[in-house]
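Dear colleague,

Please find below the structure that I am handing over to you. I would be grateful if you could look through it before reading the notes that come after it.

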Amino acid sequence: MEFELTRYDAIKILMEYVTDEIVVCNIGIPSKELFKIKDREKNFYMLGSMGLSSSIGHGISLSIEKKVIAIDGDGSVLMNMGSLATIGKTTEKNFLLFIVDNCAYGSTGNQKTHSSCTDLYQVSKACAIDSILVINEIELRNALKKVLNERGTNVILVKARAHNENVPNITLVPTEIKHRFMNSLKKE
């Protein structure tokens, strides 16, 4: 089945709805795509910790009241599947895990992941997380309107086609990313 959205499309739509939320983004190209779409100090761009966007976002959500969004890919979630059980058990009501499932490790050349035989939507539901599966733009917009305007712990799983947008590198060095993000959290 060919899906209409790419990861870039999904992140772009997400950021249309983000106002004051904290955003933690998966490593590599997803972070570069987010930087191009909407750079802001409340974005944390991960540069080298595959599989940990959900864990870092979850940790932040436990310490602040504001909604925290972690953007992750299927490959990263598969690498750190235990995070789903932890999120389902312990997250406060202010966390959204936004999984873009394109069945590929996008940042390393679009090699296939095992998400074709591991249903991350069903896994997240089995971990007691309110989950929404979306396969097109209309469903994504409806899901974002629902979960961003209410308290809760949610997964939005976006089925997408594998594609890496041609975007430039992030122009911030890691210490700049860290310090400006930490400063934005101090204001909360």
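Predicted model: local features only at pLDDT ≥ 70, side-chain atom pairs only at ≥ 80, totals over all residues.

I begin with the packing of helices H1 and H2. Helix H1 comprises residues 7–17, and helix H2 comprises residues 29–38. The axes of H1 and H2 are 10 Å apart and form an angle of about 45°. That angle makes H1 oblique to H2, and the crossing of the two is right-handed. On the H1 side, the contact is formed by Arg7, Tyr8, Ile11, Lys12 and Met15. Their partners in H2 are Ile29, Pro30, Glu33, Leu34, Lys36, Ile37 and Lys38. By residue class, this contact consists of seven nonpolar and five charged residues, with no polar ones.

Lys36, one of the H2 residues in that contact, deserves a separate remark. Leaving aside residues up to four places away in sequence, Lys36 touches Tyr8, Val167 and Pro168. Lys36 and Pro168 are 132 residues apart in sequence, yet their C-alpha atoms are 7.6 Å apart in space.

The crossing of H3 and H5 is left-handed. Here Ser54, Ser55 and His58 of H3 meet Ser83, Thr86, Ile87 and Thr90 of H5. The residues of this contact are six polar and one nonpolar, with no charged residue among them.

I turn next to the aromatic rings. How many aromatic pairs does the structure hold? There are two.

Phe35 and Tyr45 make up an edge-to-face pair, with 5.6 Å from centre to centre and 75° between the planes. Phe35 belongs to helix H2 and Tyr45 to strand E2 (residues 43–45), so the pair links distant parts of the chain, ten residues apart. Phe35 has a relative accessible area of 15% and is therefore buried. Tyr45 is also buried, its relative accessible area being 2%.

The other pair consists of Phe44 and Phe181, whose ring centres are 5.1 Å apart. Because their planes stand at 45°, this pair counts as tilted. Phe44 lies in strand E2 and Phe181 in helix H8 (residues 174–186), and the pair links parts of the chain that are 137 residues apart. Phe181 is buried, with a relative accessible area of 4%.

Finally, I would draw your attention to the backbone at one position. Most residues other than glycine have a negative phi. Ala128, however, has a positive phi, near 70°. Where does Ala128 lie? Ala128 is found in the loop between helix H6 (120–126) and strand E7 (130–134). Is Ala128 buried or exposed? Its relative accessibility is 61%, so Ala128 counts as exposed, the cut-off for that class being over 50%.

With kind regards

Terms used: Residues numbered from 1 in each chain as written. Heavy atoms only, no water. Left-handed = near helix turned anticlockwise from the far one by under 90°. Helix = DSSP H or I, 4+ residues; strand = E, 2+ residues; numbered from the N terminus. Contact = heavy atoms within 4.5 Å. Nonpolar A, V, L, I, M, F, W, Y, C, P; charged D, E, K, R; others polar. Phe/Tyr/Trp six-rings, centres within 6.5 Å; stacked < 30°, edge-to-face > 60°. Buried < 20%, exposed > 50% of the residue type's maximum accessible area, 1.4 Å probe, protein only. Axes fitted to C-alpha atoms, helices over the stretch in contact; angles between N-to-C directions. Parallel < 35°, antiparallel > 145°, perpendicular 65-115°, else oblique.
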